[in-house]
Amino acid sequence: MNVDRDGIGFAVTNEDGDPADPPVVAVISDTGAVVPEHSSYLNFCANKLVRKCFLGWHTLRVDFSNYAFAAAAEAPWPLLSPATRRLAPDVWLVPNYELVVEPGRDCRIAYASVKELTRWLMELPGDLALDLAVLPWDAFQVESFARVEALLEPGARSFPGTGPGERIVVGAVEERPVLVWQLPARCEVLTEPSQTEWLCERLRASAEPPEAGSSAAAPSTVREPVRDEDLVALDELVAELCPHHRVTRRPIELEPDAPERMRRLWAVLGHSHATAKLRPLTRAESRAALEQIFADWYAEPRSRSVWAPEGGPEAYFAALPERCRLLRPGRDEIDLTDETGAVDDPPVLVMRKRRPPIITERRSYVEWLIWELVTTVTRSRWARYDGHSGIRGERLVPSLYPTLERLGEGVYRIRMPEHLRTDSIPAYPDVVVYPTLGHYFRWVLALPDEQLRFVNAPEAMTFEVRLPGAWDLTEAAPDGFRRFHPMDNGRVREDFWEAVGQIGDVYLWLFMSARSDELFVSFDPRKEDEVRAILAAHNLRIKHVDRIREDYDEYGW
Amino acid sequence: MNERLAIATAPVGAIVAEATSLREFFAQQCPALGRELGPVTLEPEAPERVRAFWETFGWTDELEEDGWLSRPEVPASRETVRELLEEMREDDVELQGSFRSATGW
């Protein structure tokens, strides 16, 4: 009924004896313990679904000194989720996790706007103390409570906190709602996200963290003209990495006034199995898709409170460039071009669901597309590239993408174009890609020793072996294997050993830490049976299996 | 561990009514997921209230993302559990007890 594949374990129902509402049993995956989890499967599921409903709402982690107010509030699902309460039209009490069966400290407040939250708090009956742990991320600090107090309109309400000198004040500053948390050493203020900047200014404080990126689109890079032979070479590369590319290709037509480089690129690539996920929409298709996305975003209070606090979903469009095109819809953000003006290669912008402004991600759509395309089709056929290696190749398509190089037979290096966002750090900005693992291993095994130690293990299936026995890399490498200390950011890691080699037609990548007795063996997943046999023949016992993604061969292998 | 909840003895019609209301609210708050909710049919021998809940609320496989919930039908669930137990076996982990004895209600 519920699986946490990377963590604790999983939960199942016990339906023996035909229970009306089966109990839930949890299995802890690293110990095998089987423990009672919850008395009600239906409550477990309903709480999960209720929590999902409120993912787009603002939430406040606060404990109340008593929960008498909840008894008087509407319980929309008293059987399925008895902990959930509608406290006011846009203020709810929702369970923090799936096992909660009644209103209380295991619940949080979800609210559509700070105005609704403060209105509800101000009308609460009785003497209540509030225990606040943290305010939402868009709250800001001010030097002292006195600074806010001087601006508060009459009628503010004060609640005691739980610590000495602590209190929570709700009220308004010039009709803007505020929640102020006064602590002995600091004071924090929460208002509507759309009013935060105004209030900061009003309080003459500037505690807001610097905004990521820039709202202004970066100018498109001026580069050499696109060469036809580079377009052909790019198409050949895509066909080499994804054999279905050419046999599935259909033409794509963009508007006559679409940016020139964009049109030329797509005229060559076309719509194929390889390019399907990145196929450009027409601007009309883009508009229709954005209408749906913005309607969905508008349903979430956290989104509409920052992008459309006054108007309807149309307010999102007001933030867009005059002429743009949706590139990639995402759950929490979208990529789009800015094609305003005479631009032949538009910049790529990012609009985040809950965080203005629109920021620039890439200077060039063409570079964005090539990076996305190559890394999409090779998502299971890649390894990290180490910039300290000095391994260089021949530039493949210089007029399109200067940092795409051919390193050897079927082996390419691609470096991510300049990443202009400051709110994220790319995990793997420089990678080696190849059509098959065999290409990568053959290239690696041909490198001289001084370069070999800079290469990284490829994406592959991996066995973890307990007690490496004759394959203890700290002593020696298996016969015919090349052993080396890997490099890490230009430094030799003498506490690690790796070895690369071949047994029969099976390539193997071995890794060991000198401080552990575990050996990691990586290989082509299609050779699983052969590798199990090889390890068994060497009396090596598999302790853990790391499988590669199931659709690893979707684009080729 | 907690006590039996009222839902265990509630009329099936009351569960259907709440599941209908929860589905409507879910579709309002998560419109993209709400559009994906489709019919699901549980086995005739599934607990009546469980069947009524899911057959009213509906299902989309997107609810499985991030380990949120698993498909409610028994064959899909058995397959998932079989895979998970196999992964544990590969990791040399054995079940410490039985599902039945762990149920304390």
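This is a predicted model: local features need pLDDT of at least 70, side-chain atom pairs count only at pLDDT 80 or more; totals for chains, interfaces and linings use all residues.
Strands, in the sense used here, are DSSP runs of E that are at least two residues long, numbered from the N terminus.

**Backbone details**

Glu175(A) is placed in the loop that links strand S12 (167-173) to strand S13 (176-182) of chain A, and its phi is near 75 degrees, a positive value in a residue that is not glycine. Glu175(A) counts as exposed because it has 8 C-beta neighbours inside 10 Å, where the cut-off for an exposed residue is 12 or fewer. A positive phi also occurs at Asn539(A), another residue other than glycine, with a value near 60 degrees. Asn539(A) lies in the loop between helix H15 (528-537) and strand S31 (541-546) of chain A, and it is exposed, since 10 other C-beta atoms are found within 10 Å. The table sets the two residues side by side.

| Residue | Phi | C-beta atoms of other residues within 10 Å |
|---|---|---|
| Glu175(A) | near 75 degrees | 8 |
| Asn539(A) | near 60 degrees | 10 |

Elsewhere in the chain, Pro356(A) and Pro357(A) are joined by a cis peptide bond, for which omega is about -5 degrees; Pro357(A) belongs to strand S18 of chain A, which covers residues 355-362.

**Chain A as a whole**

Chain A contains 15 helices and 31 strands, and its C-alpha trace spans about 80 × 65 × 50 Å along the principal axes. The domain assignment divides chain A into domain 1 (1-39), domain 2 (52-202), domain 3 (213-434) and domain 4 (438-546). Between the centres of domain 1 of chain A and domain 3 of chain A, taken over C-alpha atoms, the separation is 43 Å. Of the 557 residues of chain A, 40% count as buried, and among contacts in chain A with a separation of 6 or more, 57% are between residues 24 or more positions apart.

**The side facing chain B**

Contacts between the two chains involve 51 residues of chain A and 50 residues of chain B. On the side of chain A that touches chain B, at least two residues each come from several elements, including strand S1 (2-3), strand S2 (9-13), helix H1 (41-53), helix H9 (283-298) and S31 of chain A. H1(A) supplies the largest share of that side, nine residues. By residue class, the side of chain A that touches chain B is made up of 29 nonpolar, 11 polar and 11 charged residues.

Terms used
Residues are numbered from 1 along each chain as its sequence is written. Chains are lettered from A and ligands numbered from 1 in the order in which they are written. Domain bounds come from an automatic or database domain assignment. Helices (H or I, at least four residues) and strands (E, at least two) are DSSP runs, numbered from the N terminus. A residue is buried if 20 or more other C-beta atoms lie within 10 Å of its own, exposed if 12 or fewer, and partly exposed in between; C-beta atoms are placed from the backbone. Two residues are in contact if their C-beta atoms, placed from the backbone, lie within 7 Å. Ala, Val, Leu, Ile, Met, Phe, Trp, Tyr, Cys and Pro count as nonpolar, Asp, Glu, Lys and Arg as charged, and the others, Gly among them, as polar.
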